[in-house]
Amino acid sequence: MKTDQFVLITERFTLNPLTQGDAPLLAELGSDPDVVKPLICDWSTPSKRMKIAKYWIEIYQEYGIWGVFDRQGIFGNPGQMIGFCAADGPLPLGGKGPEIFYAFSRETWGHGVGTEVARVVIDYLFQELGVGAVEALVFAGLNPASGRLLEKLGMSIIGTYPLANYIGEECDPTIEYELWRVKNSPAENGRMNLEEAAFKIGQFVGEDMASEETMSASLMKAATENNHLASENEETLNRLINNSLIAGMAETGWLHYRIEKS
């Protein structure tokens, strides 16, 4: 089923339904590794980003995918696309309604953009499409800010959702992207990206989607191929990797949030 999506208006932004002509804008958003790190995909090259953008615009038409445009030029030029928000189908295990997800340029972080945008999308899903619930997933232990945002929207945590049931064939591309992020991290983000990647990959290891030994070696290889991380003491890198892998293995899955129509 394809839904005729509405243009949605918030106090600061216009949410326009994305078409294939907007694919370059969505792909460009994915060129910042920190913006798309919570999203399941490999965004490491322009061709991969464009492929993802075109595919997402095609498949997320049932509930909606919107570009978020800055009407007033608060975060750049007036009319600039500063993020997106989309709604996928209900989760295959126990989902009661569509799952929302989003990403925004780093200039917008800390300014309430996610809350403002997600709220109007949730209202649209409830009021115009008549869904009974809206869901969201957050990497357990990795993105507490996203959890706080969802709680502001009235969502409640209902449990943990297995990564293995959600990711499936996207496991390998996601791991490849995490290793790419480590290999290409700038000096100021090197340690943080290594710890985040190891934690996330540890979650996959904890759900038997990857080998601890292989992933530890792959993370070390990626770190030593990074000019900045390569200057670190090998013992220090090993400790960072192993501690974060173990932490991820102990905290698997997505945190599963839901809000139901009142």
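The points below cover the cysteines, some helix packing and a couple of loop residues.

1. Before anything else, keep in mind that this is a predicted model. Everything I say below should be read with that in mind.

2. Let's start with sulfur. The number of disulfides in the structure is zero.

3. What about Cys85, and how far is its sulfur from the closest cysteine sulfur? The answer is 16 Å, with Cys41 as the partner in question, so the gap is too far for a bond. A disulfide would need the two sulfur atoms within 2.5 Å. Cys85 is buried too, with a relative accessible area of 0%.

4. On to the helices. Helix α8 (residues 190–206) meets helix α10 (residues 234–250) with the axes coming within 6 Å and crossing at roughly 40°. That angle is why α8 counts as oblique to α10. The crossing of this pair is right-handed.

5. If you want to look at that α8–α10 contact in detail, the α8 side includes Arg191, Leu194, Glu195, Ala198 and Phe199, and also Ile201, Gly202, Gln203, Val205 and Gly206. From α10, the contact residues include Thr236, Leu237, Leu240, Ile241 and Ser244, along with Leu245, Ala247, Gly248 and Met249.

6. On the α9 side you'll find Glu212, Ser216, Leu219, Met220 and Ala223, and they meet Glu234, Leu237, Asn238, Ile241, Asn242, Leu245 and Met249 of α10. The tally for the contact of α9 with α10 is seven nonpolar, three polar and two charged.

7. α9 has a further partner to check, namely helix α7 (residues 171–183): the two pack at an angle of about 35°, and their axes are 7 Å apart. α7 passes α9 in a right-handed crossing. Ile175, Leu179, Val182 and Lys183 of α7 touch Met215, Ser218, Leu219, Ala222 and Ala223 of α9. For the contact of α7 with α9, the residues come out as seven nonpolar, one polar and one charged.

8. Phi of Asp208 is near 60°, a positive value in a residue other than glycine. Is Asp208 buried or exposed? Asp208 counts as exposed, because its relative accessibility is 73% and the cut-off for exposed is over 50%.

9. Last one, another loop residue. Gly168 lies between α6 (163–167) and α7, in the loop that joins them. With 43% relative accessibility, Gly168 counts as partly exposed. How far is the C-alpha atom of Gly168 from that of Met209? The separation is 8.8 Å, for two residues that are 41 residues apart along the chain.

Methods: Residues numbered from 1 in each chain as written. Predicted model: local features only at pLDDT ≥ 70, side-chain atom pairs only at ≥ 80, totals over all residues. Heavy atoms only, no water. Buried < 20%, exposed > 50% of the residue type's maximum accessible area, 1.4 Å probe, protein only. Axes fitted to C-alpha atoms, helices over the stretch in contact; angles between N-to-C directions. Helix = DSSP H or I, 4+ residues; strand = E, 2+ residues; numbered from the N terminus. Parallel < 35°, antiparallel > 145°, perpendicular 65-115°, else oblique. Left-handed = near helix turned anticlockwise from the far one by under 90°. Contact = heavy atoms within 4.5 Å. Nonpolar A, V, L, I, M, F, W, Y, C, P; charged D, E, K, R; others polar.
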